[in-house]
Amino acid sequence: MVTASLKDISLLDAIVVTYVLILPIVASAFGVAELAAQQSSREDQPTVLRRAHSPLLILANWLRSALTYALALFVWGTAPNFGQGPPECDRKTRLIFFGASLPALGSGRTLNLTGWGILTALFAWRTLKGSWTLLAALQGLFSENVLLKPKDPPKNELNLETMEKYNYVTGDREVTERAYRPGQVFHEMIKGMMNQILGWAPTGQGRWYRKYGQLILATLIATWAITMTELELRLNDIDASDLNKWGFGQILPLILTISPLFALFEAVLKKRSRGPLESSKRTLRFCIRRATNLTRPRTELDGFSTEQIQQLIEDEQLTQEYVDQTLAPSPFALLTVGDKDVYNTYALPHTGNPDWQEYFDADVADTTTIVIRIFDSKCMDRGWPALIGYTTILPFAMFPPGSGGGNDVAPADDSSTPTQAIALVNQANRTQESGAQTFPLFRDRSVIPGMSLEFSVSSDVQSPLPPPNIAGLNNFGLQHVNERRNVAIFKWRGKTIHGKRQTRLTERYNMPE
């Protein structure tokens, strides 16, 4: 960008650079797509893990896209007077686009200004929508807790969904129900246009598509960029002897290409030196149940003694309710699975004994470690140290010897009502109590007296995920009812060849505090 602004390169060199830049963009987008990918979930399991994003990666990914669009617009916007050579050279320059030779200062310039202008407008729109994410990432460079919390406080709501499927041909009717809480929304990486293109890769259920779809598309785009670069150099009238000279511009890319190869070779050697490990993974269902005797790391009343606080209450300057809520944390748990996937529980207000009862599924290997950290959202909002305590768990170590898994969650029958479905969930929660284990919490390399966490593991992942903290519908307040109906029917000569109807009824309730 600096070289282009100083006009130290020709228009032809700038065109070649814009093509060559596609290669690192594709590689970066492919890597970002892998990092930002969420764990796949079934339709009846809305709760999924999310990836832990580095704030530096979020900013670097955005800055890379911004500089690319700025360079392209600058080159084509100033094309008539661009470069170090005389204007006659620029008028002779040809743009090679899909094999077509276009005048760089004519239709080629118009084509690029239109294309890059549209991409820049889309990028500006994504930046505007993700401005809070960029600000959070910038703040996250100096504070490690910024990206852990959801964007907005989660609503204390419960959705009860009834799905009815009817086949007009066979007359079969299928009714399924599920209860779930709305998912929390976190700061996600702002994806560039190349990420969007790679997202169009085949996403079928087959393992081959999931594993190689984006790789094949990225390879095709990179091959196109290399071909266009080669054609750009060959079909323009340039001195071929200049292409065979070695200088700083040739040596530096070679070094930059070789360095990652050495890093990759070193990573392979490190992996081999660790010895053989079981590469296969199993899907397990985890439940973070409750924690006990949690206290805030720091409170607004730390400067007062117990006697002073009691005196303020007697003088009616403070109320006992205010003191109790101030001293009690608003805890939420953050579970890191294998240093990559993250699950957040809901933050429960003003309680030292949170009862989360939140379930999630994860793919784990024999050596996978789960680290559970509990934070106080009040301290986090004030910028204070927010870590209450943490513990480390080896999932397979929780199973008894010779056991294939934990207790099962009883699935709800298709004909049951929403109230009966929640009753079954409560019954399943009670039967699973025997499989739960209690772990002490640590902080500053020592056990915190009295603080503990209850956690359970099960190998039953076929039944729907139970919603957290379900106590029944008696105290729930119905807020909203939404019904959607999709009908697809095909008739031939008065006979129904294919026909299906799908009705989705969603009731949204306020959960009791």
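Me: Which backbone nitrogen lies 3.3 Å from a polar atom of the side chain of aspartate 376?

Reply: This is a predicted model, in which local features need pLDDT of at least 70 and side-chain atom pairs count only at pLDDT 80 or more, while totals for chains, interfaces and linings use all residues. Residues are numbered from 1 along each chain as its sequence is written, and side-chain values use heavy atoms, with hydrogens and water left out. A polar contact is a pair of N or O atoms within 3.5 Å; within protein, one must be able to donate a hydrogen and the other to accept it, and residues adjacent in sequence count only if both atoms are side-chain atoms. At 3.3 Å from the side chain of aspartate 376, the backbone nitrogen is that of lysine 378.

Me: Is aspartate 376 buried or exposed?

Reply: Aspartate 376 is placed in strand β10; helices (H or I, at least four residues) and strands (E, at least two) are DSSP runs, numbered from the N terminus. Contact means heavy atoms within 4.5 Å, and aspartate 376 touches Arg296, Pro297, Pro329, Ser330, Ala386 and Ile388, leaving out residues up to four places away in sequence. Buried means under 20% relative accessible area, exposed over 50% and partly exposed in between (1.4 Å probe, protein chains only). Because its relative accessibility is 0%, aspartate 376 counts as buried.

Me: Phenylalanine 332 and phenylalanine 375 form a ring pair; what is its geometry called?

Reply: Rings of Phe, Tyr and Trp (its six-membered ring) pair if their centres lie within 6.5 Å; planes under 30 degrees apart count as stacked, over 60 as edge-to-face and the rest as tilted. The count by this rule is 10 aromatic pairs. Phenylalanine 332 in strand β7 and phenylalanine 375 in strand β10 are 43 residues apart, and both are buried. Their ring centres are 5.8 Å apart and their planes at 25°, so the pair is stacked.

Me: What separates the C-alpha atoms of phenylalanine 442 and tyrosine 390?

Reply: Tyrosine 390 in strand β11 and phenylalanine 442 in strand β12 link distant parts of the chain, and their rings form a tilted pair, 6.2 Å centre to centre with 35° between the planes. Tyrosine 390 is partly exposed at a relative accessible area of 27%, and phenylalanine 442 counts as partly exposed at 28%. Leaving aside neighbours within four places in sequence, phenylalanine 442 is in contact with Gly389, Tyr390, Thr391, Val447 and Ile448. The C-alpha atoms of phenylalanine 442 and tyrosine 390, 52 residues apart along the chain, are separated by 5.2 Å.

Me: Aspartate 444 has a positive phi; what is its value?

Reply: Most residues other than glycine have a negative phi, and most peptide bonds are trans. Aspartate 444 is in the loop between β12 and β13, and counts as exposed at 62% relative accessibility. Although aspartate 444 is not a glycine, its phi is positive, at about 55°.
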